[in-house]
Amino acid sequence: MTNKIQKVKGMIDVLPEDQDIWTRIYQLVFELANFYGFSQIITPVIEKEELFLRSSGRGSDIVQKQMYSFTTKGGERVVLRPEFTPSLVRAYIESLQVKPKPVKLYTQGPLFRYENPQKGRYREFNQFDFEIFGDASPIADALLIQLFSQFLIDIKIKNFFIEINSIGCRSCREKYKTELKKYYRYKIKSLCPSCQKRYKINILRILDCKEEKCQRIRQFSPQIIDFLCDSCKEHFQKLIDVLDEIEVSYVINPYLVRGLDYYSGPVFEFKLGDPGEKDKDDLTLIAGGRFDYLISELGGKDTPAVGGAGGIERIVEIIKNNNIKISPNSTNKFLSKPKTCLIPIGELAKIKVFKILKVFYNKNIRVYQNISGSNLSAELARANKMKIKYALIIGQKEAMDEKIILRDMEKGTQKIINQKEILKEIKK
Ligand code: ATP
Ligand code: MG
């Protein structure tokens with residue numbers, strides 16, 4: 001008998017019986033992208049090694065131990081991409097920087113990390129990824145968090161919670177790192193071997209260690225929240241206010257730092273289970289944060305950005321383990337061109353728009369919005385170009401009075417209606 005050939009360590013086959021779940025996930029990603037106005041981008045699986053050295057960071061686990069890197073026949077150092085953000089930033093700088101901001105992108109596909117294979121952790125795995133380039137506002141952070149929550153709700157994973165934190169900007173983070181160094185200086189020997197290394201190359205990562213002894217030492221360490229500068233504090237507070245207003249629950253985890261070098265400001269993780277449960281390694285389903293420096297660090301124009309990604313294999317496993325029944329819908333929602341647009345002007349109006357968006361989403365009606373826009377005439381011009389029939393305009397006053405202006409774009413007439421009556425009016 002000849003030996004059978006097995007798959008490479010850390011790789012998995014997605015068998016026919018799981019295809020319905022995968023198809024539904026991709027369909028939902030597509031629906032959410034359409035509804036929230038993200039355009040698809042597909043980038044190569046192979047990138048230059050330097051891209052990740054300069055973005056994910058030399059001290060990150062990815063670069064330290066997980067890269068599938070090799071030298072091509074032509075002598076070039078390349079890698080199989082370990083994450084999406086650097087690739088999307090590279091593509092943005094090469095081809096999309098000239099477009100009007102924000103540029104909202106999504107992608108999905110395989111990633112490769114040379115990890116210790118175990119449940120929920122493979123060497124080839126798939127993610128879906130959403131990024132917003134060119135919007136500095138916490139509103140953009142909240143939009144992504146809302147989108148990812150909607151994803152888990154629609155895929156019928158109920159027992160998840162959201163952790164958020166802010167890891168500050170260049171200036172406040174440096175001060176915090178100095179304090180952390182002081183705190184850990186005489187405790188180094190009690191840390192696990194990885195954390196002993198982290199102390200030198202990436203001290204923030206100690207906070208993220210899952211080893212019990214490291215978590216015990218962490219208990220009394222200084223917290224970044226107390227070190228945030230005024231502008232980081234204000235940004236984080238606004239994000240919290242928006243999440244409260246749109247009724248997305250979250251817990252603040254002062255030790256949430258994320259494993260990559262490029263984050264700044266708010267970071268978030270969607271985890272399975274209940275807050276306070278013992279933090280296990282494979283419970284994070286979706287994760288992301290703001291990375292305002294990365295684009296300029298990779299040679300682009302100074303552009304604020306925020307993004308996040310979900311691990312598809314882990315999500316599929318939960319769906320299977322919990323016997324959740326899902327299958328692809330027979331038709332894709334939100335494919336038709338939007339006939340209506342929402343134009344919020346001012347911060348309060350933008351917050352109110354989240355709830356209105358949800359109403360449209362739940363009724364499967366596509367509505368265009370540019371939550372980053374701030375200029376009424378520019379937005380109306382855009383609506384005209386898109387052949388939008390009805391514009392729903394909400395300014396500061398309307399936001400306070402729970403009203404909205406309904407403008408007939410063809411006739412040029414408008415009237416003020418109650419926010420609650422939007423759907424009735426649109427259907428008329
Ligand atoms: P973790 O802390 O679990 O290693 P990470 O910080 O390395 O995650 P990200 O790079 O932020 O993860 O990726 C986002 C999501 O991608 C994770 O939350 C997880 O769902 C998934 N993911 C990451 N690494 C793997 C892997 N090796 N196998 C399967 N899924 C993965
Ligand atoms: Mg990891």
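In this predicted model, 19 residues of domain 1 are in contact (heavy atoms within 4.5 Å) with 17 residues of domain 2. The domain assignment of the chain, an automatic or database one, places residues 16-169 together with 229-321 in domain 1 and residues 340-427 in domain 2, and the centres of the two domains, taken over C-alpha atoms, are separated by 29 Å.

Domain 1 and domain 2 bury about 1,800 Å² between them, buried area being the accessible area (1.4 Å probe) that two parts lose on being put together, summed over both, and 60% of this area lies on carbon and sulfur atoms. Of the area that domain 1 buries against domain 2, F35, I139 and E245 supply 37%, more than any other three residues.

Three salt bridges (a side-chain nitrogen of Lys or Arg within 4 Å of a carboxyl oxygen of Asp or Glu) are counted between domain 1 and domain 2. E245 also forms a salt bridge with K352, at 3.3 Å from N to O.

On the side of domain 1 that touches domain 2, the elements that give two or more residues are α1 (19-36), α5 (138-154) and α9 (230-245), where helices are DSSP runs (H or I, at least four residues) numbered from the N terminus. Among these, α5 gives the most, with six residues.

Residues are numbered from 1 along each chain as its sequence is written, and chains are lettered from A and ligands numbered from 1 in the order in which they are written. Local features need pLDDT of at least 70, side-chain atom pairs count only at pLDDT 80 or more, totals for chains, interfaces and linings use all residues, and side-chain values use heavy atoms, with hydrogens and water left out.
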